[in-house]
Amino acid sequence: MYARECYAVRAAAEKHKWLTILPEAEPLRFTFAIGTIPIRFYRGGATDVPGHYLQQTFVELHQQQLALQIDGLRLVDRVLRLAVEIDATGEVENVILVEMDTAGTVTETYRIPLDDEAGKVTPLQLKHVELGPPQVEPLAAEESEAEKKNARHVRSK
Amino acid sequence: MPAMFVLNKTGFDGQRLQLAREFCDLTQKQLGDKVAASHALVSLCESGKRTEPATDLVEAFGTVLGFETEFFYQPTSEIFREAECSFRHRRSTPERLKTKIRAHASLLGMVLERLRVYLKFPALNVPRIPTSTDEQIEKASEQARLHWGLGIEAPISDIGRVMEHAGVFLVSHLAESSQVDAFSRDGATALIFLNQSVQSTSRWIFDIAHECGHLVMHSGIQTGAEETEAAADRFAGAFLLPRGAFAREFRTSPFSWNHVFKLKKRWKASAAAIVKRAYDLRLIDAVEYRQSFKYMSARNWRKGGEPHEPEFKGPELLSTALGSLGTKIDLTVAQLCKDLHFTPKTFLTVTGATVHTPRGNEVEVIPIRATGMS
């Protein structure tokens, strides 16, 4: 089952540029990245993370450094896991993004809406920064006099 | 009878003679030949060793160079020095062309200095951030964006306006030569010259961002070396295409020209800049990068201009200021020209603005009719 899920993620990575498989040294470890963010997944409940998924792998730490360099994302003290919850028949019931601190305490969970099409996930695109034309205004009489004096002072230096 | 003039008692200023000569792109020998003087005499006048040259000689200088005689007797507050100026394409730019552009910019500086007596321009507001590593350059570009209230996520609609709001004048008429892409001057009057003889708006946008990089990072530093130019290029890429937002959008589709041109439309950066930025951020590998540039060269996009060029608003600050003469303020263009002791032709070349003399002073020319032989 786990191998089948890994295979599905690998296949998806070939279609989607934003999804990459990270090169883990251990053959049984499987880590992927969405954008620059490293994620691992496990089967089980969102609040019941298996012990060996609490620690970050070297590849994850390296990827987090990249995320900081490229995207400016500070995830140094956060660990992300996808919890795949199954029902009694073995069917996937929920997929939940679990955010933990480095001590393994779950700090936040986000349910992934499985019914939505993947295409609906689009990056946030901010509108262009628009500036008005630069302003040039006549100086008030006294300001103008001060500028004249200033110009004379600069010249006489 | 020749027109008489009253000399300002500040004395003859050799710097102004040199400035006017360089503006006209003449050597000391060429100027000497034109005014029937030796080049040694011209040199002495320029260096200040001949403090009071003959009045007829100064008048001749003015006639040849396009200035009223009084021009050479005005005090000078600001001449653009080489150390303050950055040239894009500097190493391949002929020294004489650089000198001419610098002289032209100095004269424009005199115009702006005079206009400052009457008009309030945006104050010079450029953050100064020294850098030495790529990471520091990335951060400097982000700090500059934040300093100007642009955020670090959104494309910039008009980078020219960003610079003009920061009190940096943009000008596009200093030279018509493909041997220089852009030029900037850091000082009390900061200025970016944009060469529009190169017909590529995305390149102009990148050139402005590049010069912006020099102003932010290289204040007081001699530019033109490979390192400073590479740093300004990196700054330009980072300023136009901030790493976080750009990387996210770049990765939404596989690398293709179609995708690059969609990004170009949104970010108003050239395809070349987008490809380079993607490589800098390791979003594409070296092979993809090299193949892309080979493809762009084969299509002649790099020299002949790329397709799908973005809209570009021209410089506005100087034209707005000149446009307000005679309308918002009492000073007219003709009075300004007279105050500066430029001839109308020189004023036109320096500023791009035509001097309309009052009707009464216009010289009437009566055409000579051709008469048939009887």
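Colleague: Which residue is the bridge partner of A:Pro138 in β2(B)?

Modeller: That's B:Leu119. Keep in mind that this is a predicted model, where local features need pLDDT of at least 70 and side-chain atom pairs count only at pLDDT 80 or more, while totals for chains, interfaces and linings use all residues. Residues are numbered from 1 along each chain as its sequence is written, chains are lettered from A and ligands numbered from 1 in the order in which they are written, and side-chain values use heavy atoms, with hydrogens and water left out.

Colleague: What makes β7(A) and β2 of chain B a strand pair?

Modeller: Strands pair if DSSP finds at least two bridges between them. Two bridges join β7(A) to β2 (residues 119–120) of chain B, so they qualify, and they run antiparallel. Strands here are DSSP runs (E, at least two residues), helices are H or I runs of at least four, and both are numbered from the N terminus.

Colleague: How many residues does each chain bring to the contact?

Modeller: Chain A gives 30 and chain B gives 41, with contact meaning heavy atoms within 4.5 Å. The area buried is about 3,400 Å², and carbon and sulfur atoms give 60% of that. Buried area is the accessible area (1.4 Å probe) that two parts lose on being put together, summed over both. On the chain A side, α2 (58–71), β7 (137–138) and α3 (141–156) each give two or more residues, and α3(A) gives the most, with six.

Colleague: Why is the pair B:Arg128 and B:Asp186 called a salt bridge?

Modeller: Their closest N and O atoms are 2.9 Å apart, and the cut-off is 4 Å, so the pair passes. B:Arg128 sits in the loop between β2 and α6 of chain B, and B:Asp186 in the loop between β4 (182–185) and β5 (191–194), 58 residues apart.

Colleague: Are those two buried or exposed?

Modeller: Buried means under 20% relative accessible area, exposed over 50%, and partly exposed in between (1.4 Å probe, protein chains only). B:Asp186 has 16%, so it is buried. B:Arg128 has 36%, so it counts as partly exposed.

Colleague: And why does B:Pro130 count as exposed?

Modeller: Because its relative accessibility is 69%, and exposed means over 50%. B:Pro130 is in the loop between β2 and α6 (134–147) of chain B.

Colleague: What makes B:Glu142 and B:Arg243 a link between separate parts of the sequence?

Modeller: B:Glu142 lies in helix α6 of chain B and B:Arg243 in helix α10 (residues 243–250), so the pair ties together parts that are 101 residues apart. Their closest N and O atoms are 2.9 Å apart, and both residues are buried.

Colleague: Where do B:Arg161 and B:Glu316 lie?

Modeller: B:Arg161 is in helix α7 (residues 159–165) of chain B, and B:Glu316 is in the loop between α14 (301–304) and α15 (317–323), so that pair ties together parts 155 residues apart. The two side chains meet in a salt bridge at 2.7 Å, N to O, and both residues are buried.
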